[in-house]
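Visitor: Hi, I'm new to this one. Could you walk me through it?
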Amino acid sequence: MDVRDLDRRAIEATGRIIDTLTDDQLATATPCPQWRVRDVVAHMVDNKRQLLTNLTGSAPEPEDDVRAGFRTAAEALTAAVADDTVLTTPYKLLDVEYNAAVALFVHFADTLVHGWDIGTAIGRDVRLPEDLVHAALKGISRWPEDGTIWGKEGLFSEKLPAPEDASPQEKLLAITGRSPQWTPASKS
């Protein structure tokens, strides 16, 4: 499957959750330690803006409302990567040279998992699209165990163990440092 389609669908799934957020829910704790819902959405907006700036030289201006900012930045990114040549653009990620297709895959996985973070934080039982979960797991599982991907300075939190009989979604959450059992009531 084309990484652009994966990314677009993750943006849509997460965007549907973001579109329903109330002002009060923006202050809700999430499975991401130290981050409220507003912080997670702002992080995704910043990621989109940074990716756009690196690929095209510009990005939409930040908006006061992170919900609107998510949509604006997502639309600009989706439009920018529609050009096939953009995916071959060199892209530095954690001081390693890749191409924009790899950066877009990271963006896809990040957006997908943060959709779970936000939905779970506001009390929803989030079921991520199964094919997107499988694609994210397949790609993430190939990443090196060199200390650059997982951990405090990495792209994702430290991996958590997952039981053998865990569902693909539970495995994806664990590999990206989330407890699938996290609930708003279990926050620390």
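Predicted model: local features only at pLDDT ≥ 70, side-chain atom pairs only at ≥ 80, totals over all residues.

Visitor: Okay, how many salt bridges does a search of the whole structure find?
Guide: The search finds 10. A salt bridge here is a side-chain nitrogen of Lys or Arg within 4 Å of a carboxyl oxygen of Asp or Glu.

Visitor: Which residue does aspartate 84 form a salt bridge with?
Guide: Its partner is arginine 4, with the closest N and O atoms 2.6 Å apart. Aspartate 84 sits in the loop between H3 and strand E1 (90-93) and arginine 4 in helix H1 (residues 3-19), so the pair ties together parts 80 residues apart in sequence. Helices (H or I, at least four residues) and strands (E, at least two) are DSSP runs, numbered from the N terminus. Asp2, Arg4 and Asp84 are also linked in a network of salt bridges.

Visitor: Is aspartate 84 buried or exposed?
Guide: Aspartate 84 counts as exposed, at 52% relative accessibility. Buried means under 20% relative accessible area, exposed over 50%, and partly exposed in between (1.4 Å probe, protein chains only).

Visitor: And what does arginine 71 pair with?
Guide: Arginine 71 forms a salt bridge with aspartate 19, and their closest N and O atoms are 2.8 Å apart. Arginine 71 is in helix H3 and aspartate 19 in helix H1, so this pair joins parts 52 residues apart in sequence. Arginine 71 is partly exposed at 24%, and aspartate 19 is partly exposed at 47%.

Visitor: Switching topic: how do the axes of H2 and H3 cross?
Guide: The axes of helix H2 (residues 37-56) and helix H3 (residues 66-80) come within 9 Å and cross at roughly 30°. Axes are lines fitted to C-alpha atoms, for helices over the stretch in contact, and angles run from 0 to 180 degrees between N-to-C directions.

Visitor: What does that make them, parallel or antiparallel?
Guide: H2 and H3 are roughly parallel to each other. Angles under 35 degrees count as roughly parallel, over 145 as roughly antiparallel, 65 to 115 as roughly perpendicular and the rest as oblique.

Visitor: Last one: where is valine 96?
Guide: Valine 96 is in strand E2 (residues 96-99), and it is partly exposed, with a relative accessible area of 36%.

Methods
Residues numbered from 1 in each chain as written. Heavy atoms only, no water.
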